[in-house]
Amino acid sequence: MPTARGVNFAQIERDHVQRFYPPFDWHPFDTFSPYNPLPKPINESRVAFVTTAGVHLADQPPFDVAADDGDPTWRAIPVDTPSGDLVLSHGGYDTRRASKDKNVVLPLDHLRALAAEGRIGSLSPDVISFMGYIADTDRLQEREVHPVAERFLQDGVDLVLLAPT
């Protein structure tokens with residue numbers, strides 16, 4: 001497990017989740033999947049971005065930061081949204097610092113620059129945001145993931161980047 005100065009952050013996170021939501025079954029994924037290789041070069045690929053930083057627009061409902069088992073819902077944010085129009089609501093981290101530079105948790109400016117430079121083919125019309133603390137993953141898998149996957153398929157997405165918080 002990766003450590004910084006002898007601190008095993010993955011173990012700390014696992015212990016924290018187990019303390020607050022014991023039924024959670026932790027599964028680490030430390031290698032790339034051999035089952036889904038990228039079908040075309042990145043500079044020809046349509047890229048979608050998913051953040052778990054609890055980002056939403058001011059006119060969208062905030063994430064439920066008080067739910068013991070987390071909020072498994074998601075928000076679609078147009079990829080051309082200025083960072084000043086983004087709001088952060090998350091129960092798992094102090095959003096004040098990330099609010100000063102929202103590109104840290106949702107790098108829209110950087111993604112748009114990569115598309116403009118031709119380093120990626122294009123961006124999907126929306127980025128998807130979840131609140132990262134979702135201990136009840138059954139609700140997430142049964143109700144929320146399929147509509148997001150369907151949206152990506154309809155948008156012709158080749159590659160999804162996930163930035164967990």
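Guide: Two residues are in contact when they have heavy atoms within 4.5 Å, and helices (H or I, at least four residues) and strands (E, at least two) are DSSP runs numbered from the N terminus. The model is predicted, so local features need pLDDT of at least 70 and side-chain atom pairs count only at pLDDT 80 or more, while totals for chains, interfaces and linings use all residues. Residues are numbered from 1 along each chain as its sequence is written, and side-chain values use heavy atoms, with hydrogens and water left out.

Our part is helix 4, residues 137–154. Its buried residues (under 20% relative accessible area, with exposed over 50% and partly exposed in between, for a 1.4 Å probe and protein chains only) are L140, E144, V148 and F152. These buried residues pack against strand 3, strand 5 (74–78), strand 8 (126–130) and strand 9 (159–163).

At E144, shortly before the proline P147, helix 4 has a kink of about 45°, the bend being the angle between axes fitted to the seven residues ending there and the seven starting there.

R151 counts as partly exposed at 27% relative accessibility, whereas D126 is buried at 15%.

Just after helix 4, G156 takes a positive phi of about 70°.

Definitions and conventions: The expected span of a helix is 1.5 Å times one less than its number of residues.
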